[in-house]
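Here is a short tour for someone meeting this structure for the first time. Have a look at the model below, then read on.

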Amino acid sequence: MSDPVEPESSTPFDSARFRQVLGHFPTGVTVITAVLDREPIGLAVGSFASLSLEPPLVLFCAAQASSSWPKIREAGRFCVNVLAEDQEDICRTFASKGIDKFSGIGWKHSLAGSPILDGVLAWIDCDLADVIAQGDHDIVVGAVRDLHVAHEGGPLLFFRGGYGRLVP
Ligand SMILES: Cc1cc2nc3c(=O)[nH]c(=O)nc-3n(C[C@H](O)[C@H](O)[C@H](O)COP(=O)(O)O)c2cc1C
């Protein structure tokens, strides 16, 4: 006899515990930007990672509930902005909904047209290469077209629901 399939409701933890435990994994913070119909778009993302060197690929995970992600997808390209330790306010702005996120924010276009935010540590300009739906997020793969270190300095960190910086 085969083992009975466990019903989903038997998961021995709830979403609060999932968030709490996964929050013990520290991340940097990026803002993923794009332009669609001349409107700049962006959201704060901690799930950014390097994926492949040959060819050069990166990835991030976009919540399917995000209002910015469908526009980035339609734009077909995006820029990954790596936030510096003094950019917590930028992170909070781009983690908000229903506001003009670019109001009062300095930025310029990358060669491909996506916003590069003032003061970021580094930026990585990408074409959208693939989207893999998993659970309530999409894994977004970017083919790197251009990249640059803009400033030397410390990164903004996110750990256990709070912001921090590297202590030498
Ligand atoms: C530190 C931090 C990391 C985040 N990481 C992600 C992420 O990896 N993927 C994601 O979809 N949202 C992430 N978010 C949440 C989005 O920034 C947030 O839901 C934002 O309001 C989405 O706005 P939108 O509806 O305009 O897309 C993160 C937020 C914070 C503060």
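**The overall picture**

Keep in mind that this is a predicted model. The protein holds three helices and 12 strands. Its C-alpha trace spans about 60 × 35 × 35 Å along the principal axes. Of the 168 residues, 34% are buried. If you take the contacts with a separation of 6 or more, 65% of them come from residues 24 or more positions apart.

**How the strands pair up**

Strands of a sheet pair through backbone hydrogen bonds, and they can do so in a parallel or an antiparallel way. A handy place to begin is an open sheet of three strands, ordered β1-β11-β12 and paired antiparallel. Which strands stand at its edges? They are β1 (27-28) and β12 (162-165); each has a single partner strand, so one side of each is left without a neighbour in the sheet. Within this sheet, β11, covering residues 156-159, pairs with β12 over four bridges. To spot the pairing, find F159, which stands opposite G162 in β12.

Next, go to β10, which takes in residues 137-149. Strand β9 (residues 122-134) is joined to β10 by 12 bridges, and the two run antiparallel. On the β5 side, β10 pairs over seven bridges, again in the antiparallel sense.

| Strand pair | Bridges in the pairing | Residues facing each other |
|---|---|---|
| β11 and β12 | four bridges | F159 and G162 |
| β5 and β10 | seven bridges | V58 and G142 |
| β9 and β10 | 12 bridges | W123 and H148 |

The hairpin of β9 and β10 has two residues between the strands, and there G135 takes a positive phi near 60°.

Most residues other than glycine have a negative phi, and most peptide bonds are trans. A few spots here go the other way. D37 has a positive phi near 50° even though this residue is not a glycine. You'll find D37 in the loop between β2 (30-36) and β3 (39-45). Is D37 buried or exposed? With 70% relative accessibility, D37 counts as exposed, because the exposed class begins over 50%.

R160 is another non-glycine residue with a positive phi near 50°. R160 is found in the loop between β11 and β12, so this takes you back to the sheet of three strands, where β11 and β12 are listed in the order β1-β11-β12. R160 is exposed too, at a relative accessible area of 59%.

P55 lies in the loop between β4 (49-52) and β5 (57-63).

**Two buried polar residues**

Let's finish inside the protein. D138 is located in strand β10 and is buried, with a relative accessible area of 6%. What does its side chain reach? The D138 side chain makes a polar contact of 2.8 Å with the side chain of Q64, and one of 2.9 Å with the side chain of W69. Setting aside residues up to four places away in sequence, D138 also touches F60, C61, A62, R73, V131, I132 and A133, along with Q64 and W69.

The other one is N81, in strand β6 (residues 77-82). N81 is buried, with a relative accessible area of 0%. Its side chain is joined to that of T33 by a polar contact of 3.2 Å. Leaving out neighbours within four places in sequence, N81 is in contact with a set of residues including V29, T30, V31, T33, P115 and I116. L117, V120, A122 and W123 are also among the contacts of N81, and W123 is the residue whose bridge partner in β10 is H148.

Conventions. Residues numbered from 1 in each chain as written. Predicted model: local features only at pLDDT ≥ 70, side-chain atom pairs only at ≥ 80, totals over all residues. Heavy atoms only, no water. Pairing = 2+ DSSP bridges. Buried < 20%, exposed > 50% of the residue type's maximum accessible area, 1.4 Å probe, protein only. Contact = heavy atoms within 4.5 Å. Polar contact = N/O pair within 3.5 Å; in protein donor to acceptor, adjacent residues only side chain to side chain.
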